[in-house]
Structure formats: structure tokens, C-alpha cells
Amino acid sequence: MLVFTASPKAAIIGQMPSLTEVLYITSEPCTSESGRVEPNWYFSYSVNALGMVTRSCYVRYNDQIWIKGPYGTESTFPMSYFTKPTSSKSDEGSESN
């Protein structure tokens, strides 16, 4: 199982709105339960309309984003579904990614 180490400075590199939530992908590496950084896996999360956050990890393969969520759920989306986030205070220094 993959877990995350969230840093408030994790650069959001893409967002994908859906019907009930917004999915974000970041540049922050994910780690295993033992604390080992998982190669090529990065922290992602979704926020629903009530503000609840669901954490996950993703890997980019070719032009696909493969997300492993809680309880072993998996989803795949084309990278083209993700757009650069609009400028905000938490993302101001991360536009070079």
C-alpha cells in the first residue's frame, strides 16, 4: 500500500474537475508504509463538494495518469484531462514544473 507524505509546499501540477470532486496531482513523492520513497509515484488527492479530502498516489505512464486510491481502488485518466491550476497563493512559486 502506498501512503503519502504531504508537504504544504507540494506543487500542484494539474487538476481535473469531475461531477462531484476535483482531483489534483502534485510533484510530491509518495512513500510506502515503511517510509521508503516509491520510485515514480507521486501524491494526489481529491476534494469533494463538502471539502472532504481523499488521498491517493499516481504514476504517469505515457500519456496516462494511473491513480491508486484508498482500499486498492484504481483509476486511469488521459493526461489531457488535467489542466494547470489557476494561480493561487499556494501555487505561486511552482509554475516552473
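**Figure 1. Glutamine 15 in strand E2 of the predicted model.** Glutamine 15 belongs to strand E2, which covers residues 12-17; the model shown here and in the following views is predicted. The relative accessible area of glutamine 15 is 17%, and the residue is therefore classed as buried, the limit for this class being under 20%. Leaving aside residues up to four places away in sequence, glutamine 15 touches Val22, Leu23 and Tyr24, as well as Tyr81, Phe82, Thr83, Pro85 and Thr86.

**Figure 2. The disulfide between cysteine 30 and cysteine 57.** The structure contains one disulfide. A disulfide is a covalent bond that joins the sulfur atoms of two cysteines. In this view the bond is formed by cysteine 30 and cysteine 57, whose sulfur atoms lie 2.1 Å apart. Cysteine 30 is part of strand E3 and cysteine 57 part of strand E5, so the pair ties together parts 27 residues apart in sequence. The disulfide is left-handed because the torsion about its S-S bond is about -105 degrees. Both cysteine 30 and cysteine 57 are buried.

**Figure 3. The second largest pocket and its lining.** The volume of the second largest pocket is about 200 Å³. Its lining consists of 17 residues, of which Glu21, Leu23, Ser46, Ile67 and Ser75 are the closest to the centre of the pocket. Two or more lining residues come from each of strand E3 (21-32), strand E4 (37-48), strand E5 (53-61), strand E6 (64-68) and strand E7 (74-78). Grouped by class, the lining of this pocket comprises six nonpolar, seven polar and four charged residues.

Technical notes. Residues numbered from 1 in each chain as written. Predicted model: local features only at pLDDT ≥ 70, side-chain atom pairs only at ≥ 80, totals over all residues. Heavy atoms only, no water. 1 Å grid on protein atoms, 1.4 Å probe; cavity = no way out; pocket = protein on both sides within 12 Å on 5 of 7 lines; lining within 4 Å. Points joined across faces, edges and corners; volume = space filled by probe spheres on them. Helix = DSSP H or I, 4+ residues; strand = E, 2+ residues; numbered from the N terminus. Nonpolar A, V, L, I, M, F, W, Y, C, P; charged D, E, K, R; others polar. Disulfide = S-S within 2.5 Å. Buried < 20%, exposed > 50% of the residue type's maximum accessible area, 1.4 Å probe, protein only. Contact = heavy atoms within 4.5 Å.
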